[in-house]
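Have a look at the structure first, then read on.

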Amino acid sequence: MNAPLRIPVLLGSVRRGRRSIRVARFAASRLERAGAAAPLLDLAEIDLPIMEERLHKRDDPPPGLVGFSRAIRSADAVVVVSPEYNGSWPGVLKNALDYIHGEWFRKPVGIVTVSAGRFGGVQLHNHLQLFFLRVKALPVAGMHVPNVTRAFDENGEPLEPRHEKSFGGFMETLDWYARAIGAAAAREES
């Protein structure tokens, strides 16, 4: 990565004992090592209530929502890390994503799906791709983490070397799109 990018990592689970936080920590750590600002947007800390109305239509946003919106809007790209629940996404992730809309416009998104099983959240990945295309974001990079209970330690360090290599390619792709879209947006503004 050249000039520093802002690439927050959105963790899509609040479940007790969640293992996906290990993968989110790994993603944030590797993005930061590569020179990006990669704050962890943990939905357990943001704590959004069930959506009654999108942010842009509210004059009384719940605590945390304005900061969440700002973090997505100001990002050069976003990484979403989420476990697959019953073949799809956790309700808390869907709820958070539905609160905002325009913030995703032309935003490169990297999707990292996690599961305790051997498929690594492939069905969830498909659902997230469709969602991001619908809000005119660009799902450009993907990574699947199967058997997450044995893949990362508590500090987010991979226990299998293949995850390091896989995330390296994931970062290269996300970086390329973030820079290309940033350059195109700068040309449009001038």
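**Strand pairing and helix packing**

V109 stands opposite P139 in β5. This is a predicted model, in which local features need pLDDT of at least 70 and side-chain atom pairs count only at pLDDT 80 or more, while totals for chains, interfaces and linings use all residues. Residues are numbered from 1 along each chain as its sequence is written, and side-chain values use heavy atoms, with hydrogens and water left out. Helices (H or I, at least four residues) and strands (E, at least two) are DSSP runs, numbered from the N terminus.

**The sheet**

- Five strands make up an open sheet, ordered β2-β1-β3-β4-β5, with parallel pairing; two strands pair if DSSP finds at least two bridges between them.
- β2 (40-42) and β5 stand at the edges with a single partner strand each, so one side of each has no neighbour in the sheet.
- Direction ignored, neighbouring strands of this sheet are turned by 20 degrees against each other on average.
- Strand β4 (residues 108-114) pairs with strand β5 (residues 138-145) in the parallel sense over seven bridges.
- Strand β3 (residues 78-83) is joined to β4 by six bridges, and the two run parallel.
- V81 is placed opposite V112 in β4.

**Helix α5 and the sheet**

- A right-handed β-α-β unit is made by β4, helix α5 (residues 122-134) and β5; right-handed means that, with the strands pointing away from the viewer, the path from the first strand over the helix to the second runs clockwise.
- α5 lies across β3, β4 and β5 and runs at about 160 degrees to β4. Axes are lines fitted to C-alpha atoms, for helices over the stretch in contact, and angles run from 0 to 180 degrees between N-to-C directions.

**Helix against helix**

- The axes of helix α4 (residues 91-99) and α5 come within 12 Å and cross at roughly 10 degrees. That makes α4 roughly parallel to α5 (angles under 35 degrees count as roughly parallel, over 145 as roughly antiparallel, 65 to 115 as roughly perpendicular and the rest as oblique).
- L93, L97 and D98 of α4 make this contact with L128, F131 and F132 of α5, where contact means heavy atoms within 4.5 Å.
- Helix α1 (residues 20-33) and helix α7 (residues 161-189) have axes that come within 11 Å and cross at roughly 60 degrees, which makes α1 oblique to α7.
- On the α1 side the contact is made by F26, A27, R30 and L31, and on the α7 side by H163, E164, F167 and M171.
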